[in-house]
Amino acid sequence: AITHLILSCGNSSKAIKSNFTIQSNAAKNIIKNAETLKLSISNPNNKIIDSVRFTLNNTPISEQLDLKTITLGEKMVKATVFFGGKKEVALQKVIVVNSEPPKLYSYELINTYPHDITSYTQGLEFYNGILYESTGQYGESKLRALDYKNGKILKNTNLSSSYFGEGLTILNDKIYQLTWREDRGLIYDVNTFEAIGSFNYGQSKEGWGLCNDGKNLYKTDGTENIWILNPETLQEERFVQAYTNKGKLVNLNELEWVDGKIYANRYQKN
């Protein structure tokens with residue numbers, strides 16, 4: 001598949017078709033991460049090309065790129081073609097998928113504990129032997145600390161009726177709680193439940209799941225993106241995308257970080 005870039009010059013509203021297009025070995029724009037991406041330029045007007053510079057998501061690359069170290073997901077290949085003292089740009093989207101199918105994990109149920117069925121649980125995390133829980137629904141959202149063995153409520157705070165509580169994680173004695181569509185995260189002192197701050201989202205669409213690796217926070221927004229947040233500024237610095245060998249996994253919801261892996265449930269999936 002080939003993508004053309006349409007350029008406009010000056011104040012003219014007339015679109016000018018590029019002289020060049022990108023050719024690649026990505027069938028239907030999809031390629032596996034065990035392969036090598038091979039790029040070339042199609043030059044149907046037989047222009048005399050001086051040089052071509054390729055980038056992948058604005059990072060310079062050569063005409064052949066080993067994808068083993070490239071993250072999965074949608075990428076943009078750009079070719080800047082220099083010819084006759086001029087230059088033109090061509091673009092092509094490439095989707096890098098996993099070469100290996102996902103492993104199917106099994107599990108063993110070792111215990112069950114009581115839980116308040118009126119709590120619409122969105123986020124949860126164990127911290128120093130206590131279960132912290134964020135619940136949803138407008139007018140019913142709350143933050144709780146629980147003795148998970150008997151369901152006893154140790155601490156509780158209700159959110160504003162304008163907030164729909166979502167994912168939760170705890171880092172450096174601070175609770176971070178997401179809201180769904182309100183574009184805001186809430187910060188509490190883990191010991192007192194005192195609200196000590198808040199933060200706004202960046203490019204992420206909504207607030208769904210949240211976890212941390214002891215340094216950074218990881219956030220989902222209902223898409224295939226997992227956003228990495230700076231623990232000091234809470235700004236979204238970058239994201240990774242969840243792709244199998246067949247395509248993207250959307251509706252990534254609550255997250256847990258365990259031994260270097262992120263575990264996620266997918267909303268409305270078993």
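Biologist: Let us begin with R238, whose place is in strand β22. Which residues does R238 touch, not counting residues up to four places away in sequence?

Modeller: This is a predicted model, and R238 lies in strand β22, which covers residues 236–241. Once residues up to four places away in sequence are set aside, the residues that R238 touches are I226, W227 and I228.

Biologist: Is R238 buried or exposed?

Modeller: The relative accessible area of R238 is 52%, and the cut-off for the exposed class is over 50%. Because of that value of 52%, R238 counts as exposed.

Biologist: How far apart in space are R238 and Y176, C-alpha to C-alpha?

Modeller: In sequence, R238 and Y176 are 62 residues apart. In space, the separation from C-alpha to C-alpha is 19 Å.

Biologist: Turning to the strands, how many bridges pair β9 with β10?

Modeller: β9 and β10 form a hairpin with two residues between them, and G84 in the turn has a positive phi of about 50°. Within this pair, E74 stands opposite I95 in β10. The two strands pair in the antiparallel sense, and the number of bridges is eleven.

Biologist: Which residue in β9 is the bridge partner of S51?

Modeller: β9 is also joined to β6, with which it runs antiparallel over six bridges. One of the pairings there involves S51, and its bridge partner in β9 is F82.

Biologist: In the hairpin of β11 and β12, which residue takes a positive phi near 55°?

Modeller: Strand β11, residues 121–127, and strand β12, residues 130–135, pair in the antiparallel sense over six bridges, and G123 stands opposite S134 in β12. This hairpin has two residues between the strands, and the residue with the positive phi near 55° is N128.

Biologist: Which element gives the most to the largest nonpolar core?

Modeller: The largest nonpolar core has 23 residues, and those with the most contacts inside it include I22, L37, F54 and V77. The elements that give two or more residues to this core are β5, β6, β9 and β10. With five residues, the element that gives the most is β10.

Biologist: How many residues make up the other core, which lies apart from it?

Modeller: Among the members of that other core are Y127, A145, L186 and F193. The size of this core is 13 residues.

Biologist: Is T55 buried or exposed?

Modeller: T55 lies in strand β6, and, leaving aside neighbours within four places in sequence, T55 is in contact with P60, I61, M76, V77 and K78. The cut-off for the buried class is under 20% relative accessible area. Because its relative accessibility is 14%, T55 counts as buried.

Biologist: How far apart in sequence are the parts tied together by R144 and D116?

Modeller: R144 forms a salt bridge with D116, and the closest N and O atoms are 3.1 Å apart. R144 is buried, with a relative accessible area of 11%, whereas D116, at 30%, counts as partly exposed. Because R144 lies in strand β13 and D116 in the loop between β10 and β11, the pair ties together parts whose separation in sequence is 28 residues.

Biologist: The side chains of R181 and E206 also meet in a salt bridge; how far apart in sequence are the parts that this pair ties together?

Modeller: The distance from N to O in this salt bridge is 3.3 Å. R181, at 55% relative accessibility, counts as exposed, while E206, at 18%, counts as buried. Since R181 lies in the loop between β16 and β17 and E206 in the loop between β18 and β19, the parts tied together are separated in sequence by 25 residues.

Technical notes
Residues are numbered from 1 along each chain as its sequence is written. This is a predicted model: local features need pLDDT of at least 70, side-chain atom pairs count only at pLDDT 80 or more; totals for chains, interfaces and linings use all residues. Side-chain values use heavy atoms; hydrogens and water are left out. Two strands pair if DSSP finds at least two bridges between them. Helices (H or I, at least four residues) and strands (E, at least two) are DSSP runs, numbered from the N terminus. A nonpolar core is a set of buried Ala, Val, Leu, Ile, Met, Phe, Trp, Tyr and Cys residues joined through side-chain atoms within 4.5 Å. Buried means under 20% relative accessible area, exposed over 50%, partly exposed in between (1.4 Å probe, protein chains only). A salt bridge is a side-chain nitrogen of Lys or Arg within 4 Å of a carboxyl oxygen of Asp or Glu. Contact means heavy atoms within 4.5 Å.
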